[in-house]
Amino acid sequence: MEDKLESGSNLIANIRHEVYGGKVTFKNTSSHKFSEKDISIVTSLVRSNLSSLMMEDTDIRIDLTNASSLGVKTQGEAFTLGTNEHGVVQCGIFLKAKMLRDVLDDSGKADRRAIIELAELIAHELVHCKQYRENWLTVDKYGYSLWKGELQDAKGRYFDDIQYRKRPWEVMAFAAQKSLAKSAIQDLIGQSIISAEEGEYIPKTDAEKAAAALRAIRVAEREKKNGSAGLGFGADIK
Ligand SMILES: [Zn+2]
């Protein structure tokens, strides 16, 4: 598994971060080169979430990908990598490289808004990793999603047929991402990776909330039109 994890991968500056009992590794298939500070930011965000989600023994692989690898609206996607030698599920997250590329400007200063978006995205996807790890979210041999062992909800609807945002695993991830991100950003500041000013966590204004709600409706409408969106567990949060 370890060989498979790293074969053909492009470890950034050969950085391999040890995180508590687990490991955070990076694979960069995007065309962008990331700095050590970029990698420190992601590692710290992951590490903080692993602690909050009580999954410090879980290995996480971060795949930084070009936009074309994920759906247009999808900024991230979680996937499982089987279990490690200790029997703990390993998880990977595809992150659209742009999400990280936008964080630091040329002088290495972090953009507050971009940090928040990245932190919420990572938190969202790590909630899905938690769901894989606890076997809450599984896929049967036919490719159907099961939530806590069930194919259908109490109303007899297949989970895969429910609107993306209303699937139980998405409801959980969206509900948790803001508080997880907030605490992870506080850790970034605490570790002096970014300044308090760079990491000031601003609640979304009403206007932004309204715009986000509108976008969510459009996404839901499109999914309805196109039928089930399939098995992507991506975060359609932008
Ligand atoms: Zn999701």
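User: Which helix does L118 lie in?
Analyst: This is a predicted model, in which local features need pLDDT of at least 70, side-chain atom pairs count only at pLDDT 80 or more, and totals for chains, interfaces and linings use all residues. Residues are numbered from 1 along each chain as its sequence is written. Helices (H or I, at least four residues) and strands (E, at least two) are DSSP runs, numbered from the N terminus. The helix spanning residues 112–133 is where L118 lies, and its name is α4.

User: Is L118 buried or exposed?
Analyst: A residue is buried if 20 or more other C-beta atoms, placed from the backbone, lie within 10 Å of its own, exposed if 12 or fewer, and partly exposed in between. L118 has 27 other C-beta atoms within 10 Å, so this residue is buried.

User: Leaving aside neighbours within four places in sequence, which residues is L118 in contact with?
Analyst: Two residues are in contact if their C-beta atoms, placed from the backbone, lie within 7 Å. Q75 is 43 residues from L118 along the chain, with 9.2 Å between the two C-alpha atoms. Once neighbours within four places in sequence are set aside, the contacts of L118 are L45, M99, L100 and V103.

User: At roughly what angle do the axes of α2 and α4 cross?
Analyst: Axes are lines fitted to C-alpha atoms, for helices over the stretch in contact, and angles run from 0 to 180 degrees between N-to-C directions. The helix α2 covers residues 36–52. The axes of α2 and α4 come within 10 Å of each other, and they cross at roughly 45°.

User: Are α2 and α4 parallel or oblique to each other?
Analyst: Angles under 35 degrees count as roughly parallel, over 145 as roughly antiparallel, 65 to 115 as roughly perpendicular and the rest as oblique. With a crossing of roughly 45°, α2 and α4 are therefore oblique.

User: By class, how many nonpolar residues does the contact of α2 with α4 have?
Analyst: L45, V46 and N49 of α2 make this contact with L118, A119, I122, A123 and L126 of α4. Ala, Val, Leu, Ile, Met, Phe, Trp, Tyr, Cys and Pro count as nonpolar, Asp, Glu, Lys and Arg as charged, and the others, Gly among them, as polar. The contact has no charged residues and 1 polar residue, and its nonpolar count is 7.

User: Is the crossing in which α4 passes α5 right-handed or left-handed?
Analyst: The axes of α4 and α5 (residues 168–190) come within 7 Å and cross at roughly 130°, which makes α4 oblique to α5. A crossing is left-handed if the near helix is turned anticlockwise from the far one by less than a right angle, and right-handed if clockwise. Where α4 passes α5, the crossing is right-handed.

User: How many charged residues does the contact of α4 with α5 have?
Analyst: On the α4 side, the residues include I115, I116, A119 and E120, and on the α5 side W169, M172, A173 and K178 are among them. By class, this contact has 14 nonpolar and 4 polar residues, while its charged residues number 2.

User: How many polar residues does the contact of α2 with α5 have?
Analyst: The axes of these two helices come within 9 Å and cross at roughly 125°, which makes α2 oblique to α5. From α2 come I41, S44, L45, S48, N49 and S52, and from α5 come L180, S183, A184, D187 and L188. Alongside 5 nonpolar residues and 1 charged residue, the number of polar residues is 5.

User: Now to the strands. Which residue is the bridge partner of T83 in β5?
Analyst: Strands pair if DSSP finds at least two bridges between them. Here β4 (residues 76–83) and β5 (residues 89–96) pair in the antiparallel sense over 6 bridges. Their hairpin has 5 residues between the strands, and G87 takes a positive phi near 80° there. The partner of T83 in β5 is V89.

User: In which loop is N135 found?
Analyst: Most residues other than glycine have a negative phi. N135 has a positive phi of about 60° although it is not a glycine. N135 is exposed, with 11 other C-beta atoms within 10 Å. Its loop is the one between α4 and β6.
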